[in-house]
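The structure is shown first, and the text then follows it element by element.

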Amino acid sequence: MEIAPLLKRLSEAGGVSGYETEVRELVFEEFKKYTKDVRVDKLGNVIALKRGEMEPHRSIMLAGHMDEIGLIVTDIEEGFLHFTGVGHFDERVLLGQEVMVHSKRDLIGIIGSRPPHVLPKEEREKVIPMDKLFIDVGLPPEEVKQIVKVGDLVTIRRKFIELRGGLVTGKAFDNRASIAAMLVCLEGLASLRHAWDVYAVATSQEEMGWGGAITSAYGLAPDIAIAIDVTFGHAPGLSEAETLKVGKGPAIAFGPNIHPKLYDELVKTAKEMEMPHQVEAIPGMSGTDAWVIQVTREGIPTALVSIPLRYMHTSVETLSTKDVERTGRLLAGFIGRLDEGFMEKLRWV
Amino acid sequence: MGLEVLKELSEAFGVSGCEEEVRKLIIEAIQGYVDDYSVDTIGNLIALKKGPPRPSLKVMVAAHMDEVGLMVTHIEKDGTLRFRPVGGIDSRILLSKVVLIGEGKVPGVIGTKPIHLLKDEERRKVVKVDQMAIDIGASSKEEAEEAVKVGDYAAFATDFVQLGDTVKGKAFDDRVGCAVLIELLKERYPFDLYAVFTVQEEVGLRGARVAAYAIEPDLAFVLEGTICDDMPKKKDVSPTTEVGKGPAITIVDRTFFADRRLIKLLIETAEEEGIPYQFKQPVVGGTDAGAIHLTKEGVPSATVAVPCRYLHSPTCLLSLADFENTVRLMKAALLSFNNLCKVMVLKGES
């Protein structure tokens with residue numbers, strides 16, 4: 001599967017947490033290519049089911065969130081839009097950024113800055129807080145009032161670009177890259193016999209408190225689950241201790257959020273597949289769907305596989321398409337190895 | 001009027017010292033409208049539109065081709081590029097942007113530490129340019145050097161889009177001036193018009209200085225995309241100029257006092273023609289006129305500009321009406337030959 005064009009489509013679609021419509025429709029169509037059984041649940045999760053051969057059924061849930069962080073209009077002043085963040089945006093990266101304001105019709109906007117020519121030096125050394133920033137859509141105030149209303153969602157306007165060395169850059173790779181990896185997995189499963197049922201879930205509202213994962217994991221009650229997300233890739237200014245290497249394979253997480261035996265099995269699979277991989281130690285909250293899935297119902301053995309990503313939560317998130325592809329293949333390989341006796345391997349005593 | 005040209009100019013690559021692409025575009029655009037053109041040693045494009053057989057005036061109209069941008073100063077072992085700004089750039093607008101580097105227009109991003117890994121005090125701190133790097137996806141110095149080299153220029157990757165009565169794009173400072181000047185060349189005037197597309201304005205008005213010396217104009221006009229600070233804020237802060245309120249005439253900026261007679265000519269013309277105009281906030285910014293007016297024994301000069309929001313950032317915004325009114329005002333002012341002659345009389349050279 002060609003990752004770049006797929007990730008481009010996913011990245012450029014809009015889908016701020018809670019308002020995932022555009023990306024949901026896209027994911028729905030993509031999932032449809034691999035199974036007839038695709039549905040959308042009450043919270044807007046897209047759930048694809050690919051049946052396995054085993055009776056009685058056992059199931060694995062793959063969860064990758066499709067929502068992205070964004071902005072929301074809070075006030076309109078003289079035709080300029082005030083806004084706040086939906087999800088965790090870094091104020092430092094918003095200045096001079098282009099956005100799409102999703103109103104009656106989509107409007108291009110600019111998060112403007114005052115020209116440096118008129119700014120005293122001390123002003124230039126201050127980060128402008130979000131409540132002092134605004135969006136300029138370049139229309140007269142009366143027209144803005146007719147088109148835009150408070151509560152309209154705003155996404156970053158950023159085209160997908162291919163860099164060198166198989167790296168690509170764009171917005172919302174957190175976590176559309178994982179959706180792409182799930183699709184690679186589904187494609188792999190099309191030509192691979194597997195015993196277990198597979199639920200591929202594109203979850204909603206992750207960035208605002210994992211809402212979609214909470215309800216979908218409850219609804220599906222899988223035997224095991226693997227969350228797929230992005231993690232901090234190494235970049236200038238960051239220590240190697242707190243980051244993973246971009247282009248060196250998926251990061252398999254370990255820590256209290258992860259069932260240690262599920263982790264062992266994933267690592268074993270990666271080794272058997274001769275798949276480059278890295279270990280990510282997470283001493284507590286993983287900040288991913290895995291965090292809530294693990295404690296769903298009476299508890300679900302959960303693992304986390306992550307794609308290393310540079311510049312997270314900016315408009316130039318950067319990753320290696322190879323890592324996306326490898327993540328998908330690892331998941332498919334792992335699912336192919338699930339058999340009747342697998343749950344026994346996860347027993348503590 | 002001239003929208004297609006403005007789009008092409010805006011999207012062209014032309015950081016100070018590297019104006020080749022813009023120059024080529026302009027040479028193409030003025031074909032058939034000028035009697036002669038040449039490129040001088042520093043790279044200014046000087047086009048001549050002749051007046052009547054024995055013209056009594058030599059008028060220079062200048063617009064600069066260059067834009068602010070970046071230059072690669074060092075390639076790190078890990079393949080990332082260190083850079084310095086070319087011209088005045090607020091370092092706060094650089095994070096999380098895409099730039100195009102060198103002749104190959106190699107795309108790169110200026111990334112930053114993710115917010116999750118920032119310490120509290122770091123979130124409130126402006127990242128300095130020397131702490132930033134451009135990531136082109138190369139994983140080593142050698143790999144990076146296959147695509148870029150130290151000394152390569154980088155410009156913002158910004159497309160030109162019409163938003164309504166306004167347009168957004170990069171480098172309106174001063175590609176909008178260039179676009180106005182190209183429009184002016186479609187008319188013939190009762191004097192010799194030297195249309196000068198200058199280089200290196202953003203690094204110290206360098207091109208205009210030598211062009212004015214060579215041409216020895218009797219008077220000069222500078223066309224600009226100027227500072228505009230009309231976004232909502234405390235009312236006691238001047239907007240500098242306002243988008244949509246017409247061409248901005250400079251009385252005085254950091255680099256020169258505009259010639260009073262030329263200002264009078266511009267105002268009278270605007271009022272006769274019913275063209276809206278505004279004055280730029282005094283003593284802010286500077287233009288090529290700063291160099292031109294001090295050339296040789298002096299050249300009476302004035303600056304007329306199209307207000308642009310977010311100047312020197314990846315994306316600027318201007319009003320198409322302001323653009324058109326700037327062309328109208330300049331055409332009408334230049335065509336009023338008698339008034340221009342009066343300026344000369346006052347100068348005592350009749």
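In this predicted model, strand β4(B) and strand β9 (residues 153–156) of chain B run antiparallel and are joined by 2 bridges. Strands β4(B) and β5(B) together form a hairpin with 5 residues between them, and in the turn B:Gly79 has a positive phi of about 90°.

Strand β5 of chain B, residues 81–86, contains B:Pro85. Is B:Pro85 buried, partly exposed or exposed? Because B:Pro85 has 18 C-beta neighbours inside 10 Å, it counts as partly exposed, given that a residue needs 20 or more such neighbours to be called buried. Apart from neighbours within four places in sequence, B:Pro85 is in contact with B:Val68, B:Leu70 and B:Val129. The C-alpha atoms of B:Pro85 and B:Asp130 are separated by 10.0 Å, although the two residues are 45 residues apart along the chain.

The next element is a sheet in the other chain. An open sheet of 3 strands in chain A has the order β10-β11-β17, with antiparallel pairing. Strands β10 (161–162) and β17 (317–320) of chain A stand at its edges, each with a single partner strand, so one side of each is left without a neighbour in the sheet. Strand β10(A) is joined by 2 bridges to β11 of chain A, residues 167–170, and the two run antiparallel. In this pairing the bridge partner of A:Ile161 is A:Thr169 in β11(A).

In helix α1 of chain A, residues 3–12, the buried residues are A:Ile3, A:Leu7, A:Leu10 and A:Ser11. Seen down the axis of α1(A), these buried residues fall within an arc of 95°, so they line one face of the helix. The cover over the buried residues of α1(A) includes α2 (21–32), β11, α5 and α9 (321–337) of chain A.

For A:Ile135, not counting residues up to four places away in sequence, the residues touched are A:Phe80, A:Leu81, A:Phe83, A:Val99, A:Val101, A:Gly109, A:Ile110, A:Ile111 and A:Val154. In soluble globular proteins, nonpolar side chains tend to be buried together.

Turning to where the chains meet, 52 residues of chain B are in contact with 50 residues of chain A. On the side of chain B that touches chain A, the elements giving two or more residues are β6 (97–101), β7 (106–110) and β11 (166–169) of chain B. By class, this side of chain B has 24 nonpolar, 16 polar and 12 charged residues.

The table sets out values for each chain.

| Chain and property | Value |
|---|---|
| Chain A, helices and strands | 10 helices and 17 strands |
| Chain B, helices and strands | 10 helices and 17 strands |
| Chain A, box filled by C-alpha atoms | roughly 70 × 40 × 35 Å |
| Chain B, box filled by C-alpha atoms | roughly 70 × 45 × 35 Å |
| Chain A, buried share of 349 residues | 57% |
| Chain B, buried share of 350 residues | 56% |

For chain A, with 349 residues, a compact globule would have a radius of gyration near 20 Å, and the value of 21 Å for the chain agrees with this. Among contacts in chain B between residues at least 6 apart in sequence, 77% join residues at least 24 apart. In chain A, residues 24 or more positions apart account for 77% of the contacts with a separation of 6 or more.

Key. Residues numbered from 1 in each chain as written. Chains lettered and ligands numbered in written order. Predicted model: local features only at pLDDT ≥ 70, side-chain atom pairs only at ≥ 80, totals over all residues. Helix = DSSP H or I, 4+ residues; strand = E, 2+ residues; numbered from the N terminus. Buried ≥ 20, exposed ≤ 12 C-beta atoms within 10 Å, placed from the backbone. Contact = placed C-beta atoms within 7 Å. Nonpolar A, V, L, I, M, F, W, Y, C, P; charged D, E, K, R; others polar. Pairing = 2+ DSSP bridges. Arc of directions from axis to C-beta. Rg over C-alpha atoms; globule rule 2.2 N^0.38 Å.
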